[in-house]
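Please open the model in a viewer and keep the selection panel at hand. The tour moves from the pockets to a sheet and then to a covalent link.

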Amino acid sequence: MRTFPLAALAGAALLLAACGTQTTSARGDGDRRCPSASPLPPGAAGLSEGGVRITSFTGAAAAGGDCPASEAAATYEVTNDSGTPMTYTVALGFRSASGGAVDVVTQTVAGVRPGQTVRRTVRPSRLPSAAPVVTGAEISKVRGVPAAEAPSQGGPCPRSGVRLYADQGDAAMGLRVVGLHLENCGTRVYRLDGYPELQLLDDEHRPVTGVRVQHGGDGISSGTGADATPVPLALKPGEAARATLTWRNTTGFGDPVNAPYVRVHARPGADPVTVTPELDLGTTGRLGVGAWQRADAGTP
């Protein structure tokens, strides 16, 4: 299998304090002043890793600043050092002076060509007036998948004629449940029969070994939806199906296994789609996958 270098830094602590000159807020609030964007010195230690770099930050000054959270902004660059077009998902956190999280905003940077650098600016979501003053930003997580295998929840219908993506899942007492969703957005009937084919990948898109992918949730947990009986499906345009991934993150003897990516073939021979369910499998060595089931009308 061909592997792709990952532009990723999971949980990186790149806390950036604003230090620009004070200027009146762009929104005309003369009583609350924000510094201008502060460029970061090129090559500064800890500010560039894995092809992702925060280049400037706008927010409250380190001393005496009174900048509304809505005025904060961080600009970052994504550079694709691989040999294939990539689509990146970047989660950027805004922090207060105490280091606490004020907001986390996630952006998708699609179709970055090999060797290309793309710049984006991100602001906090709409926050209440009582929100802490934003004094810095950090990269929380970056995931990258080959653009041809990027999941799709909306927009133009992929060449395959189906959209496939993973939801945010649910976690309780160490049990994890994530749904795979497939929608026929094409013009022909799309047939499914049985289980999706899965390949687990690590941070560097290398295959993960030592994990048994089993059909159903037997021995993991009941009531997750993974134990439904496989039935042939003929999805008309606009119809959808769902399959369930389930696992536990129990840790015993041995090294815990994490597989952020899962390469999914909806049926044998189908174009692959790489989703990011963030499998934290502990030392269980097992992942349960349910059969495709028709989704009820209106199911997200």
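Begin with the largest pocket of this predicted model, which has a volume of about 740 Å³. To centre the view, select Thr89, Ala166, Asp167, Gln168 and Thr276, which are the closest to the pocket centre among its 29 lining residues. Next, colour the elements that give two or more residues to this lining: β7 (86-96), β8 (101-112), β10 (134-146), β11 (162-166), β12 (170-172), β13 (175-184) and β21 (273-275). Which element gives the most to the lining of the largest pocket? Highlight β10, which gives the most, with five residues. Colouring the lining by residue class then shows 12 nonpolar, 11 polar and six charged residues.

Proceed to the second largest pocket, with a volume of about 370 Å³. Select Ala148, Pro158, Ser160, Asp271 and Pro272; of the 20 residues that line this pocket, these lie nearest its centre. Then select β11, from which the largest share of this lining comes, namely three residues. Applying the class colouring to the lining of the second largest pocket gives 13 nonpolar, two polar and five charged residues.

Now turn to an open sheet of three strands by selecting β15, β20 and β21, which follow one another in that order with antiparallel pairing. At the edges are β15 (197-201) and β21, each of which pairs on one side only. On average, and with direction ignored, neighbouring strands of this sheet are turned by 25° against each other. Zoom in on β20 (residues 261-265) and β21: these strands run antiparallel and are joined by three bridges. What stands opposite Val264 in β21? Select Val273 to display the residue in that position.

The last stop is the disulfide; the count for the model comes to one. Show the side chains of Cys157 and Cys185, which this disulfide joins with an S to S distance of 2.0 Å. Viewed about the S-S bond, the link of Cys157 and Cys185 has an angle of 75° and is right-handed.

Notes: Residues are numbered from 1 along each chain as its sequence is written. This is a predicted model: local features need pLDDT of at least 70, side-chain atom pairs count only at pLDDT 80 or more; totals for chains, interfaces and linings use all residues. Side-chain values use heavy atoms; hydrogens and water are left out. On a 1 Å grid over the protein atoms alone, a cavity is a set of points where a 1.4 Å probe fits but cannot get out, and a pocket is an open set with protein on both sides within 12 Å along at least five of seven lines; lining residues have an atom within 4 Å of a point. Grid points are joined across faces, edges and corners, and a volume is the space filled by probe spheres set on the points. Helices (H or I, at least four residues) and strands (E, at least two) are DSSP runs, numbered from the N terminus. Ala, Val, Leu, Ile, Met, Phe, Trp, Tyr, Cys and Pro count as nonpolar, Asp, Glu, Lys and Arg as charged, and the others, Gly among them, as polar. Two strands pair if DSSP finds at least two bridges between them. Axes are lines fitted to C-alpha atoms, for helices over the stretch in contact, and angles run from 0 to 180 degrees between N-to-C directions. A disulfide is a pair of cysteine sulfur atoms within 2.5 Å.
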